[in-house]
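Please read the points below with the model open beside you.

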Amino acid sequence: MKPLKRPVRRTTLVVHVAASAGWLGLTLGLLALALAAYTSQSASMAEASYRSMEVFTDWLVLPLALLTLTSGLVLSLGTQWGLARHRWVFIKFWLTLATTTASVLMLRPGVDRAADTVASGGVVSEPLDLLMGPAVSLTAYVFMTVVSVLKPWGLTRRGRRLRLLTSSRKVVDERSTRQTA
């Protein structure tokens, strides 16, 4: 992929940051609702919490997750960071993919089951599971935010190899320019 032009890069970056912040905030809301359902002695409070979680997971989690994943992928492939050049980008990509997958395959079905259970007058058998999912996700999103700001760990092996190739090409270009001048 060739480098993104400045307006496209900036727009994509704004979309990525907004979607990521939205996903983080949504997860914090899911954690608060799960905590309310877990600690409440009131069946109506638990039902309201699980139903609210269902709205969030059915309508908001997947679009924000996919928007975060897609915009991050476009940014990594269309900027100097690359997808596999810097460890922090590579780790963020895999964590985003893992949390998106976990949201689709575990969180959403679990919340849907819990909402159906309490709507039919039953009791959720494993309410701690619905608390741990958002807690783990929130930890991952905060970690990815820190990594995005600090950009630790340096280059990957591929990144070092590409940097070496680029620097050796520059030396060759400089020599040929001096010889023709």
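1. Start at M1. Not counting residues up to four places away in sequence, M1 touches V74, L77 and G78, where contact means heavy atoms within 4.5 Å. The C-alpha atoms of M1 and V74 are separated by 9.0 Å, although the two are 73 residues apart along the chain. M1 sits in the segment before α1. Its relative accessibility is 66%, so M1 counts as exposed (buried is under 20% relative accessible area, exposed over 50%, partly exposed in between; 1.4 Å probe, protein chains only).

2. A word on the basis. This is a predicted model, in which local features need pLDDT of at least 70 and side-chain atom pairs count only at pLDDT 80 or more, while totals for chains, interfaces and linings use all residues. Residues are numbered from 1 along each chain as its sequence is written, and side-chain values use heavy atoms, with hydrogens and water left out.

3. Secondary structure. The protein has 5 helices and 0 strands. From the N terminus on, the order is α-α-α-α-α. The radius of gyration is 22 Å, well over the 16 Å that the globule rule gives for 181 residues, so the protein is more spread out than a compact globule. That radius is taken over C-alpha atoms, and the rule is 2.2 Å times the number of residues to the power 0.38. Helices here are DSSP runs of H or I with at least four residues, and strands are runs of E with at least two, numbered from the N terminus.

4. Extent and surface. The C-alpha trace spans about 85 × 30 × 25 Å along its principal axes. Buried residues make up 32% of the 181. Of the contacts between residues at least 6 apart in sequence, 77% join residues at least 24 apart. The accessible surface comes to about 11200 Å², and 66% of that belongs to carbon and sulfur atoms (Shrake-Rupley method, 1.4 Å probe).

5. Largest pocket. Its volume is about 670 Å³. Of its 29 lining residues, H16, L75, W88, K92 and S148 are the closest to the centre. The elements giving two or more residues to this lining are α1 (6-39), α2 (43-78), α3 and α4 (127-150). The largest share, 8 residues, comes from α1. By class, the lining has 16 nonpolar, 10 polar and 3 charged residues. A pocket is an open set of points on a 1 Å grid where a 1.4 Å probe fits, with protein on both sides within 12 Å along at least five of seven lines; lining residues have an atom within 4 Å of a point.

6. Second largest pocket. About 400 Å³ of space lies here. Of the 18 residues that line this pocket, M106, L107, G110, D129 and L130 are the closest to its centre. α3 and α4 each supply at least two lining residues. α3 gives the most, with 9 residues. The classes come to 8 nonpolar, 7 polar and 3 charged residues.

7. Is T99 buried or exposed? T99 counts as buried, because its relative accessibility is 9%. T99 lies in helix α3 (residues 87-119). Leaving aside neighbours within four places in sequence, T99 is in contact with W23, A140, Y141 and M144.

Definitions and conventions. Points joined across faces, edges and corners; volume = space filled by probe spheres on them. Nonpolar A, V, L, I, M, F, W, Y, C, P; charged D, E, K, R; others polar.
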